[in-house]
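Biologist: Please show me the model, and then take my questions one at a time.

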Amino acid sequence: MKILFTKVLTNTDVEKRLAVPNNSLKHFELENGNCSKSFEVKDENGSTWTFRCYVRNDGAYKKPVLSSGWRQFVLNKGVHQGDLITLYKDVEAEASYKIEVQRKIKLLGRECWSSLEPDQPTGATAQVQRKILLFGKECWYFLEPEQPTDATGKVIQG
């Protein structure tokens, strides 16, 4: 997989459309004369999303954006301003794209990026786990199931 671009999302990226770095445009393989192309992207859970890459058809600066499908992805995934996305392309498989979304968290007093979505547990007693990048290394940590609390923050015993 080749990284096409990595970007910390702005409010416009989240609320309207994703501005794509101009130097990444060549990887979307727009055919001569076309100003848009739809393509499929797989997320970290294997779900497939269809995005449309659109460019201006006038002027020297094309200003590529991901439009159709992008907002639905943002809404379904709970993507926020400040999240980090990485878009990949499989150079060996024809037109195979992958997207990752990460959010900055504080762990042990240091900021690091965490996968936006936890891996889904298997079974009623399985713990949810997340993969994070800590000190340049990928690590897993487990999320405790949320327990109901009262107004003072004490756990309510069932």
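Modeller: A residue is called buried when its relative accessible area is under 20%, exposed when over 50%, and partly exposed in between. Keep in mind that this is a predicted model.

Biologist: Is Phe73 buried or exposed, and at what relative accessibility?
Modeller: The cut-off for buried is under 20% relative accessible area. Phe73 falls under that cut-off, so it counts as buried, at a relative accessibility of 1%.

Biologist: What kind of aromatic pair do Trp49 and Phe73 form?
Modeller: The ring centres of Trp49 and Phe73 are 5.2 Å apart, with 85 degrees between the planes. Planes over 60 degrees apart fall into one class. The pair of Trp49 and Phe73 is therefore edge-to-face.

Biologist: How many residues apart in sequence are the parts that this pair ties together?
Modeller: Trp49 belongs to strand β4 (residues 48-54), and Phe73 to helix α2 (residues 70-77). Trp49 is buried too, with a relative accessible area of 15%.

Biologist: Which residues do ring pairs link into a cluster?
Modeller: The structure has six aromatic pairs. Ring pairs join one cluster, whose members are Phe39, Trp49, Phe51, Trp70, Phe73 and Tyr97.

Biologist: Which side chain does Lys77 join in a polar contact?
Modeller: Lys77 is in helix α2. With a relative accessible area of 14%, Lys77 is buried. At a distance of 2.5 Å, its side chain makes a polar contact with that of Asp43.

Biologist: Is Gln72 buried, exposed or partly exposed, and how far is its C-alpha atom from that of Phe51?
Modeller: Gln72 is also located in helix α2. Its relative accessible area is 44%, so Gln72 is partly exposed. Gln72 and Phe51 are 21 residues apart along the chain, and their C-alpha atoms are separated by 9.5 Å.

Biologist: Over the face of which residue does Lys98 lie?
Modeller: A charge counts as over a ring only if it is within 6 Å of the ring centre and within 35 degrees of the ring normal. Lys98 is 5.6 Å from the ring centre, and the ring belongs to Tyr88.

Biologist: Where is confidence lowest and where is it highest among the elements?
Modeller: The protein has an average pLDDT of 76, and 70% of the residues score at least 70. Strand β9 (residues 128-134) has the lowest confidence, with a mean of 63, and helix α1 (residues 11-15) the highest, at 92.

Note on methods: Residues numbered from 1 in each chain as written. Predicted model: local features only at pLDDT ≥ 70, side-chain atom pairs only at ≥ 80, totals over all residues. Heavy atoms only, no water. Phe/Tyr/Trp six-rings, centres within 6.5 Å; stacked < 30°, edge-to-face > 60°. Helix = DSSP H or I, 4+ residues; strand = E, 2+ residues; numbered from the N terminus. Buried < 20%, exposed > 50% of the residue type's maximum accessible area, 1.4 Å probe, protein only. pLDDT = per-residue confidence, 0-100. Polar contact = N/O pair within 3.5 Å; in protein donor to acceptor, adjacent residues only side chain to side chain.
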